[in-house]
Every structure is written in structure tokens, then in C-alpha cells.
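Please look over the model below with this briefing at hand. It goes strand by strand, then turns to side chains and confidence.

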Amino acid sequence: MNFALAALIMVFAGVLLLRLAGRKSISQMTLAETVVMISIGSIIVKPIVEQSVWKTVVAAGIFVAALVFMEIVQLKFNAVEKFITGKSKVIIQDGIIDIHQLKKLRISVDELEMRIRISGISKLENIKTATLEPNGQIGYELTDEAKPLTVGEFKRLMGLTTQNPITDQTPPGELFSELVNGVHKKHHPSKLK
């Protein structure tokens, strides 16, 4: 097959297969997704050298199918998700860095502080809970004193709403409490179904 035609077919096949795999930036990919994407990239170059374009398209398709299968299984079974993707790890609690957890994750305090500064946080004391997510990003919840004022809170303060802040609000930090307490919420609100 013509070298240029083979390269063109591989580019279009690669785009199509990666489109089927889903759109995520490198920083949002899980370990399994990263391995599959690197493998597909390596496979796509192979037929241009070895002249086996259709075998390569099939092999790349198998990689994408395996990735989609793993994602579906992870949605159904929490244990599989924990094994393949991993879970978020609490690295700061009430402004105190968990040095033991950082050592297990192989992250230095300087790197953690840099990433926190990039998020716009200047004091550790302002962080109620911070987590290292499976995609490598840092999630955080600020203390009540450090949180910005929301429109809803402003309206309540100005007396523009009759909402009772105690009975009408969901408890703060719901997403982080599951990590801190180790209890996974089995059912999500119906609006997510």
C-alpha cells in the first residue's frame, strides 16, 4: 500500500478510535486510559513501517474496546473501579498535611504547596479537606471562613429570601465526607440517573 495512503488511513482510524474512547485531557486520564492511549499511538505508527494497516486498525480497535469494557465494569462494580482507577486520598485535613499519606503517594510537601498555590490558596489553614484525585488533580474544600460569599448567602443576609439556611441546605462537604469517613454513598440523587 502507498506510504501516504497508509499514513492517512491511520490518522483517520486513530481519530475515530480515540473519539470512541472518549474526550479527556492527559491530566484527566486514569492509569488504564493512559496505557491504552500510549499503546494506540505506538500501534498507529507500526503499519507505516510494516505495511499492515488493517491489522493495526483492528488491534487499535481491540484496545479501545478493552478500555470501554473496563469503564463499563468500573461503573457497575465499585471494587473494580477502586482496583483499576484508584480512589481519592485525603492529603490535608483541617489545615494539617498528612505527611504519611504524601510519602505513600510519593509527593513532596513542596510539590503539594506549589499545586495548592496554583489553585489560588495562600494558607493551609484555609483548607478544611484536600484530596489527591485518581487523575492527579487536587480537590479541596475551604473552611467556612475562607469560602467566597455566594449569591444565595448574600440574598439571605440581605433578607431577600425566606429560605431557612439550616433546614433547606444540604450538609457542607458532602463529597469530602465520604473520603474522610470511608463510607461510599451507594445511591446518587435521581437527577444524576
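Ile92 stands opposite Ile97 in S2. Strands here are DSSP E runs of at least two residues, helices are H or I runs of at least four, and both are numbered from the N terminus. This is a predicted model, in which local features need pLDDT of at least 70 and side-chain atom pairs count only at pLDDT 80 or more, while totals for chains, interfaces and linings use all residues. Residues are numbered from 1 along each chain as its sequence is written, and side-chain values use heavy atoms, with hydrogens and water left out.

**Sheet and hairpin**

- Two bridges join S1 to S2, and the two strands run antiparallel. Strands count as paired if DSSP finds at least two bridges between them.
- S1 and S2 make a hairpin with two residues between them. Asp94 sits in that turn and has a positive phi of about 55°.
- The open sheet has four strands, ordered S2-S1-S3-S4, with antiparallel pairing.
- Strand S2 (96-97) and strand S4 (138-142) are the edges. Each has a single partner strand, so one side of each lacks a neighbour in the sheet.
- Strand S1 (residues 89-93) is joined to strand S3 (residues 127-132) by four bridges, and this pair is antiparallel.
- Within S3, Leu132 is the bridge partner of Lys89, and Thr129 is the bridge partner of Gln93.
- Helix H6 (residues 109-118) lies across S1, S2, S3 and S4. Its direction is about 80° to S1. Axes are lines fitted to C-alpha atoms, for helices over the stretch in contact, and angles run from 0 to 180 degrees between N-to-C directions.

- Thr129 belongs to strand S3. Thr129 has 3% relative accessibility, so it counts as buried. The classes are buried under 20% relative accessible area, exposed over 50%, and partly exposed in between (1.4 Å probe, protein chains only).
- The Thr129 side chain makes a polar contact of 3.5 Å with the side chain of Gln93. Such a contact is a pair of N or O atoms within 3.5 Å; within protein, one must be able to donate a hydrogen and the other to accept it, and residues adjacent in sequence count only if both atoms are side-chain atoms.
- Ser88 lies in the loop between H4 and S1. At 16% relative accessibility, Ser88 is also buried.
- The side chains of Ser88 and Glu133 are joined by a polar contact of 2.3 Å.

**Salt bridges**

- How many salt bridges does a search of the whole structure find? The count is four. The criterion is a side-chain nitrogen of Lys or Arg within 4 Å of a carboxyl oxygen of Asp or Glu.
- Lys87 pairs with Glu81 in one of them, with the closest N and O atoms 3.3 Å apart. Lys87 is partly exposed at 26%, and Glu81 is partly exposed at 28%.
- Lys147 forms a salt bridge with Glu141 at 4.0 Å, N to O. Lys147 is partly exposed, at 33% relative accessible area. Glu141 is buried, at 7%.
- Lys147 also forms a salt bridge with Asp144, where the closest N and O atoms are 3.5 Å apart. Asp144 is exposed, at 57% relative accessibility.
- Shared partners link Glu141, Asp144 and Lys147 into one salt-bridge network.

**Helix H4**

- Val80 is part of helix H4 (residues 78-84). Val80 is partly exposed, at 26% relative accessibility.
- Beyond its neighbours within four places in sequence, Val80 is in contact with Val73 and Gln74. Contact means heavy atoms within 4.5 Å.
- Val80 and Met70 are ten residues apart along the chain, and their C-alpha atoms are separated by 8.6 Å.

**Confidence**

- The protein chain has an average pLDDT of 75, and 64% of the residues score at least 70. pLDDT is the predictor's confidence in each residue, from 0 to 100.
- Where in the protein chain is confidence lowest, and where is it highest? The lowest is helix H1 (residues 3-21), at a mean of 62. The highest is S2, at 94.
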